[in-house]
Every structure is written in structure tokens, then in C-alpha cells.
Amino acid sequence: MYIYKSSQIKEADKWAEEQGMTAFTLMELSGVGLFNAIKQDLDIHKHHFTIIAGKGNNGGDGIVLARYLQIAGVRCTLFFPLGLPVSAASKAHFDYYSSLGFSVSTNLPDQSGSILVDSLLGIGVKLPLRENIQHVMDWMNRQVAMKVAIDLPTGAASDDGDCDKHAFKADRTYSLHGYKPSRFLFPAASLYGETKVVEIGLPHTSNWKVRSALDVAKSLTYSGRNTHKGTFGHGLLIAGTKDMPGSAALAASGAVSCGAGKLTVQTEKEAVPIIASHVPEAMYQINPHIELDHSFDAIAAGCGRPSNDKMETLIEELLAQSKPVILDAGALYPRSYAKKKCPIIVTPHPGEFSRMTGKEIVYVQRTRLEAASAYAVENNVTVVLKGEYTVTAFADGSGYVNVTGNDGLSKGGSGDVLTGLILALVLRNKNIKEAVADAVYLHGYCADKWKEAYPAQTMRPSYISQIIAEAANEILKET
Ligand SMILES: NC(=O)C1=CN([C@@H]2O[C@H](COP(=O)(O)OP(=O)(O)OC[C@H]3O[C@@H](n4cnc5c(N)ncnc54)[C@H](O)[C@@H]3O)[C@@H](O)[C@H]2O)[C@H](O)CC1
Ligand SMILES: [K+]
């Protein structure tokens, strides 16, 4: 499923219009798409729909939906509390609706029918909401009804996580043509409820997508014949100290459980027996340097490591060699990647990303897609910005939003395991973009498997590696 900013939707509409697909027709397709999606999800004849429409095109979608409901014999009333439509396409649909003898009102009813549809504002919203809309939203939020938003909940921004405090709190949202970025950005994301995308017949042009099980299955099925441990790559993990051996153990377990052919852990001497007791598959290296002619196929660095001069020296050596490098935790610091010779993947949480970019955490969180993408393009790296709806942004401007995972992952050590998973999949898959996005998906999916059976807070990062096998099976079954 694709993700579109408001400017991209406007461009798509403009392009369609130039090809002869009028705004009136697109509105018709939106309305009929909404009707079919709602009919599939709900027993519409058991309900009474109250549709609250605005003066723009989002309101127009509500008018078309109302017409299809009326024609199907479903109880439906249409209200324009802000006044009658002003946009040309909406006006034309309003006239057609009225010509069929269906009535409308400009006053709000005493109470809503069992389904309340928010068709007030869509991607044309400018925050904050005007006072007259705030009153309407307060009335809508007070109603006892199933609350359905068209395109996006009124009062949520489209492209960032901003929202008005009177915004509509939807139980479900039907987004047209694609998700809007705010679906994945807080606080706006919490207004959407369950969200479905309604296709309206426009071709897809966005290079931002939600990663799906279908995409990930490809990575999981690759095996081959006549293979040996070298086939699936030799990874180097630079992680852990004598005080923090656990991070290295978690990352190393993640890597070997996810298919790394061979793994060497570069760590402090005292940490070796502790890590080895958890990961007997790994080999160890104490010398804290990387030779230019090393034999590793990919390198991950930083888990359980402080960011200090020793780390910076190592990173300089890493940037001079040519194999893919994954930088996490102690390896994440503001630096230029301009002179690098290798593919780089950085995996910051919002605090680390704020440290790397000098941007406030609040800003980073509200603009995660944009902020990660800008950094990825500027520095020619892949960014995995962790958190709910992890964002993976690539140097070519494309990216993925991840929808697996839950609060069970909000624990020290989860990120270390993710680094191990990314290392393993980068070793196995020549396509680094796929490898990184799949590791993020799988990591979250394991947590979701745990939460299906047990309370999320009982999840431990170390369990992820144990769940991978079952999670991989489930993903393959889903596709
Ligand atoms: N390709 C598609 O996905 C299509 C989607 N459609 C729908 O069209 C809307 C966008 O329509 P637009 O007319 O551009 O904007 P809105 O309906 O969101 O509203 C604009 C309207 O609202 C006023 N306004 C904005 N902010 C505020 C505010 N804070 N307070 C008060 N009033 C405000 C603004 O001045 C305008 O008058 C999209 O979301 C879909 O639902 C098309 O139907 C088909 C193609
Ligand atoms: K809306």
C-alpha cells in the first residue's frame, strides 16, 4: 500500500484532469469506492448513517457516498453545518443529489445515527481548525455512534503528525488512493482508528510504501542447493564491552537465528565467555581494528558500545572499506558520510536521530518520514528511524513504513536484536533495501506473535530470536 503527501495527491488529480479524468469523475469514483468498502465491512441496512459534510471536495465525497446509500435503500441523512458546497465538483454532485429528491440540512441534528461519517475536511486542512469547525467536531466527538472518517479525520494534518485538540476521533478511516503520512505520525496517528485504503483508479506513483508480508516472504524463502556456511555470508559484529556484554549477545543471537552463515564478534576479552554462553555459533576477535582487506561480507557496529574516540577511529576504518556497514547505538554520532566507500545503514531511535541531526525530538517525531528521508538523501545512507511505525528511508528518496511491532518492544535490548537481524538479512540478500525493510518487519512481527499469546510487557528482547522460526512460518502462510 502506498503513502501520499497532499501535494502528491493534488499532482495526481491535476494529471488525471489533463488526461480527461475530471474532478467530478474522481469524486464519483471516491464515493462509489467508499460505498463498496463500507458495504463490505458493515451490515449497512442495519444502520442509520449521519454524514457531516464540508464545503470542499472531502464534503463532495460524502455527497456521493450519501447518494449510493440512499439508492441502496439505507437510512442516511446529509448535513452541511458549515454551509453548502463551494468547490465546482462538489456543487455539481450536490445538484445531482438534490435532483434525485434527497434532502439535506445545514443544521446539526439532535443526535447522530448509528454511523457518523466525517466528510468535513480532508487533505485541504490548514491547522488550527476555525472555531465554527471546532464546535462541530465537539458535537461529533460527543455522539454515541460508530465514527467513520473519509480520507483523514478532520483536524488531523495530512503530511505531519500535527492535530487540533478538537479533531475527530475516528473508529475507522477510509483513505482515498493511499495512506496519508499522518496515519503513521503521532499525535495525529491516534485519531485514525482502523484504516483502509480505497482505490479510485489512479495509477500509483509514490515511492513510499507500507511493507507487507507478501514483500517479506521473498526474503524468507531464499535458500538454494549445494550451499555451505560461506554461501550465506560472514558477518562481523562490533559490539559489547565487559560492562555491557548483553547487547552483543542479543545482536549476535538475532544474527545467527535469522540466517547469518558465519558470525564473528569483535568485543572486549572479558565479554567473550558471557556472549559465547548465549551464542555458541559465533567466533571472536579481540583486536579492535578493521583491515582494508578483511574477509567479512557485512559489518554491524555500536551495540553496547560507548561513543568515544576509540569508536570514532573504528568508524573511520569502517568507512574506508567497501562492505555494507550497519551503525547503531554508540556508533551513531553527528558525522559526515561524504567520503564513505561502503553502503551505510544507520539505525537510530528518535533520541539518537535528534543527536545526529541537531533537530528537536518533537520535530523529528512529527515529521519522521520527511526527516528520515531528507537525512538519507543528503548523506547517501539508509536510515532506520525506530519507534512505532519504524521508518526506513533510502538514499534514492524512497522508503517504507513498518506496521508490525508493539509496546512489548519498548525495552532495552530490542534495538540490539534488530541490528543482528539487519546484519543477517544484508548478508543473505544482495538487495540491501529489501534486506533492511524485511528485518524491520520480521522484528516487529515476532513481537506481535508474542502479544497474540501473552501480555506485551512479558516480552523480552531475547525472545525475538527464539520466535523468528515460527514468525517466518506464519509470514509464509499469510502470503
Ligand atoms: N485523489 C484523491 O485522493 C481525491 C480525493 N478527493 C477528496 O478531496 C479532498 C480534498 O479536497 P479539497 O477541496 O482540496 O480540501 P478539503 O475538502 O479538505 O477542504 C478544503 C476546504 O476547507 C477549508 N479549510 C481548510 N482548513 C480549514 C480550517 N482550519 N478551518 C476551516 N476551514 C478550513 C478550506 O478553506 C477549503 O475551503 C480529499 O481529502 C478527498 O476527500 C476528491 O474528491 C477526488 C480525488
Ligand atoms: K474527513
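Leaving aside its neighbours within four places in sequence, which residues is G415 in contact with? In this predicted model, the answer is D328 and K386. Let's start from that spot and then walk out to other parts of the fold.

G415 itself sits in helix α13, which spans residues 414–428. With a relative accessible area of 19%, G415 counts as buried, because the cut-off for that label is under 20%.

You will find G387 in the loop between β15 (382–385) and β16 (391–393). G387 has a relative accessible area of 39%, so it is classed as partly exposed.

Now let's turn to how some of the helices pack. Two packed helices are described by the angle between their axes and the distance between the axes. Take helix α10 (residues 350–357) and helix α12 (residues 368–379): their axes come within 12 Å and cross at roughly 45°. The two helices are therefore oblique to each other, and α10 passes α12 in a left-handed crossing. On the α10 side the contact is made by P350, F353, M356 and T357, while α12 brings R368, A371, A372 and Y375. Sorted by class, this contact has six nonpolar residues, one polar and one charged.

If you want to trace the contact on screen, look in α3 for N57, G60, I63, V64, A66, R67 and Q70, which meet A89, S90, H93, F94, Y96 and Y97 in α4. The residues of this contact divide into seven nonpolar, five polar and one charged.

One last stop is W208, a residue of strand β8 (residues 208–210). W208 has a relative accessible area of 9%, so it is buried. For a sense of scale, pick out H278 as well: W208 and H278 are 70 residues apart in sequence and 38 Å apart in space, C-alpha to C-alpha.

Terms used. Residues are numbered from 1 along each chain as its sequence is written. Chains are lettered from A and ligands numbered from 1 in the order in which they are written. This is a predicted model: local features need pLDDT of at least 70, side-chain atom pairs count only at pLDDT 80 or more; totals for chains, interfaces and linings use all residues. Side-chain values use heavy atoms; hydrogens and water are left out. Contact means heavy atoms within 4.5 Å. Helices (H or I, at least four residues) and strands (E, at least two) are DSSP runs, numbered from the N terminus. Ala, Val, Leu, Ile, Met, Phe, Trp, Tyr, Cys and Pro count as nonpolar, Asp, Glu, Lys and Arg as charged, and the others, Gly among them, as polar. Buried means under 20% relative accessible area, exposed over 50%, partly exposed in between (1.4 Å probe, protein chains only). Axes are lines fitted to C-alpha atoms, for helices over the stretch in contact, and angles run from 0 to 180 degrees between N-to-C directions. Angles under 35 degrees count as roughly parallel, over 145 as roughly antiparallel, 65 to 115 as roughly perpendicular and the rest as oblique. A crossing is left-handed if the near helix is turned anticlockwise from the far one by less than a right angle, and right-handed if clockwise.
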